[in-house]
Amino acid sequence: DIFTSFKLTPNNKGALNLVFYFLKSGRSIIIGNGNNKRITLLRGEPYSDVAIEGKPFVLEPHKTYSIFIARQKNIYQVYILDAYNETKSLESNLVLEFEDNSFIATENESIGLAIWKGSVGFEIDNLIISVFNQY
């Protein structure tokens, strides 16, 4: 199980492409995905041409959001909340959930964060990465 949370602030008008990688399993979650509202899970080989789309969530420039990403066993979840309006329940802000039936557990998972070409950038604060649930 892997859990991460952070505050995300897109810098300017333009594309936001934040990629959160699960390196050993070959999965990745893209936040923004070019139009600043797509949340996408890519599964890698042999599923490279099949993206799992989450619910649209518009990420406005200079506004801060709380992002929660978790993989518990073979279930991936992404939650996004307006960081200054966190009174809503976390469950009502689930933007992506996917049960990966082809997932093969590895003893040690590596993760990474990246920015794709064409992204105008963003700021990340309060980054937490853990092997247990921090919701």
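What you're looking at is a predicted model, where local features need pLDDT of at least 70, side-chain atom pairs count only at pLDDT 80 or more, and totals for chains, interfaces and linings use all residues. Residues are numbered from 1 along each chain as its sequence is written, and side-chain values use heavy atoms, with hydrogens and water left out.

**The five-stranded sheet**

- An open sheet of five strands runs in the order β8-β7-β6-β1-β10, with antiparallel pairing. β8 (94-99) and β10 sit at the edges with a single partner strand each, so one side of each has no neighbour in the sheet. On average, neighbouring strands here are turned by 10 degrees against each other, direction ignored; the axes behind that angle are lines fitted to C-alpha atoms, for helices over the stretch in contact, and angles run from 0 to 180 degrees between N-to-C directions.
- A word on terms: strands (E, at least two residues) and helices (H or I, at least four) are DSSP runs, numbered from the N terminus. Two strands count as paired if DSSP finds at least two bridges between them.
- Strand β1 (residues 2-10) is mostly covered, with eight of its nine residues buried. Buried means under 20% relative accessible area, exposed means over 50%, and partly exposed is in between (1.4 Å probe, protein chains only).
- β1 is joined to strand β6 (residues 65-72) by seven bridges, and the two run antiparallel. In that pairing, Ile2 stands opposite Arg71 in β6.
- β1 also pairs with β10 in the antiparallel sense, over seven bridges. There, Thr4 faces Ile129 in β10.
- Strand β7 (residues 75-82) pairs with β8 in the antiparallel sense over five bridges. Tyr79 has Leu94 in β8 as its bridge partner.

- β2 pairs with β3 in the antiparallel sense over five bridges, and the bridge partner of Phe22 is Arg27 in β3.
- The hairpin of β2 and β3 has four residues between the strands, and Gly26 takes a positive phi near 80 degrees in this hairpin.
- Five bridges also link β2 to strand β9 (residues 111-115), running antiparallel. Look for Tyr21 opposite Gly112 in β9.

**A nonpolar surface patch**

- Leu113, Leu127 and Ile129 make up a nonpolar patch on the surface, with about 250 Å² of accessible area together. Accessible areas come from the Shrake-Rupley method with a 1.4 Å probe, and for residues only the protein chains shown count as cover.
- Patch members have over 30% relative accessible area and no salt bridge; like charges are joined within 9 Å, nonpolar side chains (Val, Leu, Ile, Met, Phe, Trp, Tyr) within 5 Å. A salt bridge is a side-chain nitrogen of Lys or Arg within 4 Å of a carboxyl oxygen of Asp or Glu.
- Ile129 lies in strand β10 (residues 122-130) and is partly exposed, with a relative accessible area of 47%.

- Asn36 isn't a glycine, yet has a positive phi of about 65 degrees. Asn36 sits in the loop between β3 (27-32) and β4 (38-42) and is buried, at 10% relative accessible area.
- Lys73, also not a glycine, has a positive phi of about 55 degrees. Lys73 is in the loop between β6 and β7 and counts as exposed, at 63% relative accessibility.
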